[in-house]
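Thanks for coming. Please have a look at the model on the screen, and then we will go through a few residues.

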Amino acid sequence: MPSSHDLPASADPDPQVIPWLSSPEALEAIDRAEAAGQATVAGTAALRRKIGPDRAAAVLSAAAARGKAIDKWGTGPWLVTDRGIQQATDRAIASYKSRRVPAGLEIFDWCCGVGGEAMQLSDRGPLTAIDRDPKIAEMARHNLGVHRDQQAASDVAGWEFRSTVICDDVFAHHPPAAAWLNLDPDRRSESNTAGTSRATHCDYLQPPLSDWLPVAKQVAGASIKLAPATQLPEECHELGEREWISHRGSCRQQVLWLGEASPPGTIRATVVTGDDSATSFAVDQPQQCDQTDTCEAFAFDLDPAVRAAGLSESYAAAKGLRALGGPAGFFTAQQNDVDALAQPFEVLWHGVADMKKLRQAVAAIDGCVSEVKIRGLDWKPPTIIKKLGRREGKKLTLLASRIGSYCGAILAVRP
């Protein structure tokens with residue numbers, strides 16, 4: 001999330017803007033600005049004259065970011081900043097993660113940001129959400145209220161737990177031993193002096209791992225949100241479970257789970273397909289799968305969470321798939337017997353990835369390539385589609401990867 005215990009709190013020129021943002025007057029102004037679309041010079045000037053420059057800037061910023069919030073959380077009068085909603089967990093993933101938290105436990109949500117996970121956690125137990133940034137904390141408070149109102153208006157019976165949002169240093173509010181800790185440490189995207197991305201190194205998390213890990217080890221359970229590529233020390237692997245979660249076609253986060261339900265050393269890949277729907281695959285000992293240079297009746301592209309978790313071979317072995325050339329590419333089998341963690345394709349043609357042969361094969365099928373998936377080749381999908389020429393016919397997917405000593409291609413359709 002956008003803040004942590006040792007990052008400076010952002011401040012508006014007018015400190016009264018922060019509490020005012022959740023007032024009826026401000027929300028009405030945000031609604032109007034959102035409905036009007038992109039701000040014009042004249043419209044901005046009129047708004048500045050009406051409510052003042054600081055409030056006008058806050059209104060326009062919140063209106064511009066609300067569309068992203070609606071995309072992540074559904075319809076609602078959400079209050080967010082652009083950076084805050086970019087880093088916030090979407091509702092489907094937050095709902096899945098909250099279901100892994102034992103119901104009824106007291107929950108501390110450190111670095112809660114604008115409230116993406118806090119909203120769902122508030123349905124599981126008494127919640128204390130903390131963020132140092134006063135504007136972000138005010139937005140989280142507002143969004144939790146919107147969530148509660150929506151829950152109350154729905155037909156779904158839920159728990160009635162208290163929710164508190166505090167603007168403070170998270171380490172001033174240690175969870176008791178019987179509580180659950182949820183934490184989203186800030187991840188820096190810029191590079192360090194060695195040229196490596198800070199997002200992949202736990203040394204650049206804020207709060208630092210050395211500060212929060214002792215706290216996470218002392219409570220009933222913990223869920224730590226990390227970037228998918230974050231590299232954790234071996235100590236963390238031995239403490240709990242690591243899970244990679246995908247949604248809408250990409251791997252969104254890695255989570256370190258601690259607690260009784262998270263056996264040490266477990267590695268899990270999960271695809272979330274809806275607010276109440278998710279498919280997982282977990283192992284405690286990696287497995288190897290068979291390899292082949294021959295494509296069978298079906299080809300498979302594994303979910304980004306499976307690949308990010310390093311579970312491609314383990315998943316393939318469990319599902320009876322064989323790696324085409326190697327585990328970094330595609331997989332194949334005679335039967336289509338997979339779950340949501342693999343995308344199956346019915347193979348119509350396979351051979352060498354030669355452009356002339358591909359054009360001939362596409363024409364023979366009376367198809368057109370509308371989708372290209374590449375593994376290990378320096379191909380640009382839009383360029384490949386253009387080179388294949390045909391614009392009409394059966395919609396085909398082209399899968400291309402290195403298979404042993406040659407570049408292989410598969411023309412297929414989604415079942």
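Glu117 makes another with the side chain of Thr89, at 2.7 Å.

This is a predicted model: local features need pLDDT of at least 70, side-chain atom pairs count only at pLDDT 80 or more, and totals for chains, interfaces and linings use all residues. Residues are numbered from 1 along each chain as its sequence is written, and side-chain values use heavy atoms, leaving out hydrogens and water.

Where is Glu117 found? In helix 7, residues 116-121. Helices are DSSP runs of H or I, at least four residues; strands are runs of E, at least two; both are numbered from the N terminus. Is Glu117 buried or exposed? Buried, with a relative accessible area of 9%. Buried means under 20%, exposed over 50%, partly exposed in between, with a 1.4 Å probe and protein chains only.

Now the backbone. Most residues other than glycine have a negative phi, and most peptide bonds are trans. Arg248 has a positive phi, near 55 degrees. Arg248 sits in the loop between strand 8 (241-247) and strand 9 (250-259). Arg248 is exposed, at 52%. Asp366 also has a positive phi, near 60 degrees. Asp366 is partly exposed, at 47%.

Last, a cis peptide bond joins Gln206 and Pro207, with omega about 5 degrees.

How values were computed:
A polar contact is a pair of N or O atoms within 3.5 Å; within protein, one must be able to donate a hydrogen and the other to accept it, and residues adjacent in sequence count only if both atoms are side-chain atoms.
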